[in-house]
Amino acid sequence: MGINGKIVTKNAYRITKTRNKTALRIRVPGGYIKVKHFTLIQSIAEEYGDGTVHITTRQGFEIPHIDFDKIAQINKKIRPLIESLGLDIEVTDYGYPAAGTRNISACVGSRICPQANNDTTKIARKIERTIYPNDFHFKVAITGCPNDCIKAHMQDFGIICTTDPQYDANRCISCKACVKNCKKNVTGALEMNNFNVKRDAEKCIGCGECILKCPIGAWSRGETPYYRMVIMGRTGKKNPRIAMPFIKWSSEDVVVGVIKNTYAFVGRHIDRSLPKEHIGYIVDRVGYQVFKQEVMEGLKLNKKIQIAENIQWHGYYYKQDNQFKSI
Amino acid sequence: MGYKLSPLAFDYYLKALRNTYRIFAPVLQKGKGKFAGTDVISYGEINSLDDIMLDRKSYFSPKEVLYPIRETLFYFLNDETKAPAINVKPILILVRPCDLNGIGKLDRVFLNNGQEVDFYYARRRELIKFAMIECVEGFDTCFCVSMDSNVANNYDMAVRFDEDNITVKVVDKSLITKDLTHADTAIFEPAFIQENKVKVTIPEVDLVTKKTFDHELWEEYTSRCIACGRCNTSCITCSCYTMQDIKLSDDKKIGERRRVWAGCHIDGFTNMAGGHNFRKKNGEKMRFKTMHKINDFYKRFNEHMCVGCGRCDDVCPEYISFSKCINKLNAIVREETLHE
Ligand code: SF4
Ligand code: SF4
Ligand code: SF4
Ligand code: SF4
Ligand code: SF4
């Protein structure tokens with residue numbers, strides 16, 4: 001059987017260890033899906049696969065054990081799933097138009113979680129519409145608060161929803177609940193001063209805990225939501241590392257704009273002699289300053305935004321792993 | 001005398017009243033709920049009918065209108081003191097019967113509690129008139145009927161809000177404007193809710209003994225209550241406060257004395273000099289509140305403090321229900337009495 005691996009991969013089918021068998025990856029942006037689509041996923045798994053699905057780390061579904069020659073048939077059937085993404089492109093009978101840019105994952109966010117500062121599902125779907133389809137290998141995740149349940153710190157782009165807490169001294173009863181909690185569980189950005197709470201804006205990470213803890217609504221959410229973006233985290237066999245803060249107190253437009261601009265950045269700098277090169281390694285190669293300049297180009301920056309002057313990524317290299325001896 | 005007004009005519013009436021009064025009512029504060037994308041209902045100044053939130057119970061009670069969360073009592077300079085002036089424009093508050101009765105409890109505490117009248121409370125209280133919102137359906141957690149506070153008669157005006165029209169009964173003649181005299185008259189007596197979904201039985205005051213105090217029930221609340229104080233801050237009848245002296249000069253001779261709401265559930269409420277704290281365990285705080293609301297207050301004033309507004313239940317992040325607590329306590333007291 002002759003198969004063009006490039007084409008099927010782009011179509012969201014993968015080469016598997018079983019000869020002549022493939023697996024289809026279903027995108028579920030933000031991990032949010034109407035259950036009516038389950039029947040379709042079920043019928044494909046039963047009719048073409050082995051009746052199972054794998055729930056992927058990125059919150060999609062992977063239907064294994066499919067014959068390559070069934071791809072065309074399946075592609076026709078999964079049209080409703082692709083339509084459900086709400087993309088601006090025309091949906092065809094030819095299946096997913098790209099697979100490089102991975103499913104955008106998100107924690108449950110403010111639809112369910114009390115800690116959340118924003119509707120992560122909505123943001124995930126919006127970013128999906130902005131950057132998909134695209135062949136470059138990008139990993140994006142959105143988390144509702146700095147607890148980071150979705151592990152935004154392991155992504156190329158991790159978006160952390162924040163809020164700018166507003167203090168109304170006239171409502172404050174000086175109970176210190178916010179102060180104690182911020183000190184114990186967050187960054188210690190608050191202190192009591194003459195029975196008022198003082199917030200150190202430099203230390204505050206916008207988690208919103210003070211708002212949750214206040215028994216009388218002296219703290220409330222600012223009108224504009226803000227975002228912290230951490231970048232170039234990764235796993236892999238060479239140099240795993242967590243993503244580092246790139247921008248703080250950013251508007252949604254800037255966050256989305258940065259991701260969009262990074263596609264052009266990758267297009268300009270990717271090493272095409274390699275089968276694939278991850279963005280993190282491209283940024284390592286060309287340098288943070290070049291990356292920063294190019295992805296910020298043309299973006300209308302909001303007033304409160306702060307951009308990292310420099311980033312030092314940590315992580316480790318497997319090859320320098322010399323702390324082990326055989327027993 | 002009653003009057004029937006269209007929503008538009010009612011707005012004109014409010015407008016006319018606003019020449020004389022600041023009008024407060026439950027208002028939806030958009031985006032100001034503690035969770036992202038949520039609102040909160042609290043008392044605020046209103047301009048028109050549309051500003052009034054009637055579909056849901058207010059999260060915070062109207063207490064803050066007549067008893068500010070934070071109030072400067074006086075400024076001092078050496079031995080001289082001066083109380084700040086307040087806005088003396090009269091106030092009209094739209095309240096439900098439970099809250100109107102609740103304000104009666106605050107009056108007891110601040111005005112009719114021994115010889116001293118609380119000057120600060122009194123001077124604001126004198127400015128206030130009440131427009132009672134007719135309440136016949138209540139909300140899920142209300143137990144005003146059990147607390148005898150479903151009916152209130154000391155209103156200056158009563159209002160019934162129907163879909164297409166608003167009916168008012170005016171008791172205080174000064175609230176009659178030509179917007180009313182030009183309107184249709186109607187016979188209107190406000191009705192009152194006769195049965196809540198939640199009912200409580202208060203244990204007979206004298207049957208609560210030391211044994212009840214030591215019951216393991218309170219241990220349960222020690223494990224559940226996180227001492228956040230929301231049940232106090234939202235309660236219409238909690239009236240405790242603490243004092244704060246703010247020093248404005250290095251030699252501490254110029255400054256400001258404030259009083260600020262406090263609450264028995266809030267950590268640090270009973271802290272004394274030297275770090276002693278009478279009620280360390282959160283169950284003990286719950287016990288203190290319970291006794292105050294449905295036992296001690298009665299012994300002093302012959303009426304219970306709690307009016308059954310149910311807000312403490314609505315706001316508790318740990319789903320602690322005060323009405324359930326009362327009923328559990330009643331069962332315990334009955335049990336104890338049977339085995340005497
Ligand atoms: S990251 Fe924050 S908002 Fe998201 S699920 Fe975790 S705690 Fe909730
Ligand atoms: S938002 Fe978070 S970090 Fe900022 S003051 Fe509040 S609790 Fe502290
Ligand atoms: S939690 Fe609220 S009331 Fe307590 S000190 Fe903080 S702001 Fe003031
Ligand atoms: S104790 Fe609870 S039910 Fe009773 S008046 Fe206070 S908030 Fe309302
Ligand atoms: S609201 Fe609930 S948890 Fe908070 S202090 Fe009151 S009973 Fe305890």
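Good morning. The second largest pocket has a volume of about 870 Å³. A pocket here is an open set of points on a 1 Å grid over the protein atoms alone, where a 1.4 Å probe fits, with protein on both sides within 12 Å along at least five of seven lines. The volume is the space filled by probe spheres set on the points.

This is a predicted model, in which local features need pLDDT of at least 70 and side-chain atom pairs pLDDT 80 or more, while totals for chains, interfaces and linings use all residues. Residues are numbered from 1 along each chain, chains are lettered from A and ligands numbered from 1 as written, and side-chain values use heavy atoms, without hydrogens and water.

Which residues lie nearest the centre of the second largest pocket? They are A:T57, A:R58, A:R102, A:H137 and A:K139, among 34 lining residues, a lining residue having an atom within 4 Å of a point.

Let me turn to the ligands. Over all chains, 22 aromatic pairs are found, a pair being rings of Phe, Tyr or Trp (its six-membered ring) with centres within 6.5 Å. A:Y226 and A:W249 pair edge-to-face (planes over 60 degrees apart), at 5.8 Å centre to centre and 80° between the planes. Both are buried (under 20% relative accessible area, 1.4 Å probe, protein chains only): A:Y226 has 12% and A:W249 has 6%.

Definitions and conventions:
Phe/Tyr/Trp six-rings, centres within 6.5 Å; stacked < 30°, edge-to-face > 60°. Buried < 20%, exposed > 50% of the residue type's maximum accessible area, 1.4 Å probe, protein only.
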